[in-house]
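Please open the model in a viewer and keep the selection tool at hand.

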Amino acid sequence: MDLVLDLDGVGKDFSAGPFFARRRTAAVTEVSLRVHAGRTVGLVGESGSGKSTLGRMAVGLLTPDRGRVTVHGQPLSSLTPKKMRPFRRTMQMVFQDSSNSLNPRMTLEDLLVEPFRAQDLHTRAERRHRAAALADEVGLARSGLARLPHEFSGGQRQRISIARALALEPDLLVADEPVSALDVSVQAQILNLFKDIQQARGFAMLFVSHDMAVVEFISDQVAVMRAGSLVEFGSRDEIFDSPREPYTRTLLDAAPSL
Amino acid sequence: MHTTTEPVLRVSGLSARIGDLSLVRDVGFEVHRGRTLAVVGESGSGKSITAAAVMGILPPQIKAEGSVFFDGTELLGEPARRRRARGGAEIGYVFQEPMSALHPLLRIGTQMIRPLRHHLGLSRGEARDRALELLEQVGLGGERKVLDAYVHELSGGMRQRVMIAMAISCGPRLLLADEPTTALDPTVQQQILRLLVRLREELDLALVLISHDLGLVARYSDEVLVMYDGRVVEQGLTAQIIEQPAQPYTRALIDAAPRLGRRVDRLPTIDRAVLDQTRAMAGGV
Ligand SMILES: Nc1ncnc2c1ncn2[C@@H]1O[C@H](COP(=O)(O)OP(=O)(O)OP(=O)(O)O)[C@@H](O)[C@H]1O
Ligand SMILES: Nc1ncnc2c1ncn2[C@@H]1O[C@H](COP(=O)(O)OP(=O)(O)OP(=O)(O)O)[C@@H](O)[C@H]1O
Ligand SMILES: [Mg+2]
Ligand SMILES: [Mg+2]
């Protein structure tokens, strides 16, 4: 199977604190992780353990301080800005605070047309047609196409971000808590959609979530992070049936279930 | 019995509209001291709009009608200044999206200390100590740096916890928490809910918990309100509704909840027919 994402010992430091006492601390120490075409790796772990930071490095939105990110055999650090633009299309991210990444002055239709425009794809009519189809797929009524982001609910905005990320049919999707604001039925619709599209087109997905039941459904493999490092990695069944790390077990035990 | 006392919050006949588009229709519920009401329902069903109407922070183009009766006072129609003073002190609010509620250019400490000084009259030093103590309570104690940080320097779950710390900081009598734990891993989530339950007991706080997580609702709420398409579909005691929902929509919602150990290929969604029926029953079109 094709290797799509190869994280090789990547790490990232941030400096924080008041101006005269800034200290650098590692948000991600040194993580190696691979995601293959048609496969989903679920990423779980403590709040603040570096999951979002790792996800942003995986799609080239953040430059690692250590290690190497390779996508489809192409080390991201070797891409010039000019080469990066078309390459971007193949890597998409649904942000954890997705509402914040939506331009507040663009209507739903503009937001769904923009990815095509940015990549110079399709005619204007075709773009609008695709935008409407995307809205349908994530369960947003077409009657809302002329509305602005703040005129939607939290879960509706989250779906706008998902639709935008799927628009360009990426080979790599990093989805950071993509269904956290959705009721169980809409959540099920979106998760089924991810699976359908993955089966049809075989994208590789890194799926960050705190919801263990969701992770169990969507993942082929699961990675567990704590304090900037991977503490456990294994197949879905290994992690859920016989976790080796006490921390993984705690996560499973603490998950509220009906 | 709690139900014989006056509720802290009584909402009745609440509607919210924008032009002739109805967002919330005829919503009513009560919350009592020391109790938790959970609000569940479809994405877009009006949960956050209802909470915003109670807080008096609806955007100006959205008009609310009906009654929001808090501790002996009608809040709907109260002058904006009085309303604002109340919000933050007497009523705590955890926004669904912390990023939209926290100021991007002010340090967290500055944002936390301001209401503590204003509402509780603390000195700068006292307010700072209190802020550190609050951060400790939400599990950000080891992170002294949080006070000095800007919101973009925090992880999603850290932002959410800062928001919670701020909402409880002035000892509110009513706390409205809109999806307060969506960015928290199960262990931190548990810690936060235990904190809220403890405050509920210590301060006799009334808690409104908006959540799509039915496991959480089952475990931590006394009553539940189920919303669909801007209306209340069903309400009652949580244990009873989870055990024996009267409405097909509620039943379907419970069945659709992903459960650990159930390794299916596809997740069940709610039938079109159930949705249409629910909308018709609730009186929509
Ligand atoms: N731009 C930044 N500047 C400074 N520190 C940062 C920045 N971004 C993240 N951090 C820090 O890096 C650490 C990891 O953050 P990250 O957002 O990756 O965590 P996470 O695992 O996604 O957590 P959560 O589950 O709460 O979303 C945190 O301590 C955070 O405060
Ligand atoms: N300013 C606005 N203009 C027009 N419609 C709006 C506006 N704000 C919200 N709405 C609509 O009102 C409905 C209720 O929104 P609300 O935010 O209360 O939903 P919610 O139940 O909180 O959903 P979620 O679980 O997704 O957060 C949604 O269909 C939304 O699109
Ligand atoms: Mg994160
Ligand atoms: Mg909402």
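**Before starting**

This is a predicted model, in which local features need pLDDT of at least 70, side-chain atom pairs count only at pLDDT 80 or more, and totals for chains, interfaces and linings use all residues. Residues are numbered from 1 along each chain as its sequence is written, chains are lettered from A and ligands numbered from 1 in the order in which they are written, and side-chain values use heavy atoms, with hydrogens and water left out.

**Stop 1: ligand 1**

Select ligand 1, which lies between chains A and B. Around ligand 1 there are 20 residues, the closest being A:Gly48, A:Ser52, A:Thr53, B:Ser155 and B:Gly157; a residue is near a molecule if one of its heavy atoms lies within 4 Å of it. By class, this shell holds 5 nonpolar, 11 polar and 4 charged residues. Here Ala, Val, Leu, Ile, Met, Phe, Trp, Tyr, Cys and Pro count as nonpolar, Asp, Glu, Lys and Arg as charged, and the others, Gly among them, as polar.

Next, show helix H1 (51-58) of chain A and helix H7 (156-168) of chain B, each of which supplies at least two residues of the shell. Helices (H or I, at least four residues) and strands (E, at least two) are DSSP runs, numbered from the N terminus.

Now display the polar contacts, that is, pairs of N or O atoms within 3.5 Å. A polar backbone atom of A:Gly48 is 2.7 Å from an oxygen atom of ligand 1, and for a polar backbone atom of A:Ser49 the distance to a ligand oxygen is 3.2 Å. A:Lys51 contributes a polar side-chain atom, 2.7 Å from an oxygen atom of ligand 1. Of the 630 Å² of accessible area that ligand 1 has on its own, the protein covers 90%; such areas come from the Shrake-Rupley method with a 1.4 Å probe.

**Stop 2: ligand 2**

Move to ligand 2, which also lies between chains A and B. Its 20 surrounding residues include, as the closest, A:Ser153, A:Gly155, A:Gln156, B:Ser43 and B:Gly44. Helix H5 (154-167) of chain A and helix H1 (47-55) of chain B each give at least two residues to this shell, which divides into 6 nonpolar, 10 polar and 4 charged residues.

An N or O atom in the side chain of A:Arg147 is 2.9 Å from an oxygen atom of ligand 2. For B:Ser43, a polar side-chain atom lies 2.7 Å from a ligand oxygen, and for B:Ser48 the side-chain N or O atom is at 2.8 Å from an oxygen atom of ligand 2. The protein covers 93% of the 640 Å² of accessible area that ligand 2 has on its own.

**Stop 3: the cavities**

How many cavities of 30 Å³ or more does the structure hold? There are 5. A cavity is a set of points, on a 1 Å grid over the protein atoms alone, where a 1.4 Å probe fits but cannot get out; lining residues have an atom within 4 Å of a point. The volume is the space filled by probe spheres set on the points.

The largest cavity has a volume of about 250 Å³. Of its 21 lining residues, select the closest to its centre: A:Asp211, A:Ala213, A:Pro256, B:Asp213 and B:Pro258. Helix H6 (184-201) and helix H7 (212-218) of chain A, with helix H8 (186-203) and helix H9 (214-220) of chain B, are the elements that give two or more residues to the lining. The lining comprises 12 nonpolar, 6 polar and 3 charged residues.

The second largest cavity has a volume of about 140 Å³. Among its 18 lining residues, A:Ser180, A:His210, A:Asp211, B:Thr182 and B:His212 are the closest to its centre. This lining has 5 nonpolar, 9 polar and 4 charged residues.

**Stop 4: strands of chain B**

Finally, select the open sheet of 4 strands in chain B, with the order E2-E1-E4-E5 and antiparallel pairing; two strands pair if DSSP finds at least two bridges between them. Strand E2 (21-31) and strand E5 (73-74) of chain B stand at the edges with a single partner strand each, so one side of each is left without a neighbour in the sheet. Strand E4 (residues 63-70) of chain B is joined to E5(B) by 2 bridges, and B:Phe69 has B:Glu74 as its bridge partner in E5(B).

End at strand E9 (residues 223-228) and strand E10 (residues 231-237) of chain B, which run antiparallel and are joined by 6 bridges. B:Met227 is paired with B:Val232 in E10(B). The hairpin of E9(B) and E10(B) has 2 residues between the strands, and there B:Asp229 takes a positive phi near 50°.

Technical notes
On a 1 Å grid over the protein atoms alone, a cavity is a set of points where a 1.4 Å probe fits but cannot get out, and a pocket is an open set with protein on both sides within 12 Å along at least five of seven lines; lining residues have an atom within 4 Å of a point. A polar contact is a pair of N or O atoms within 3.5 Å; within protein, one must be able to donate a hydrogen and the other to accept it, and residues adjacent in sequence count only if both atoms are side-chain atoms.
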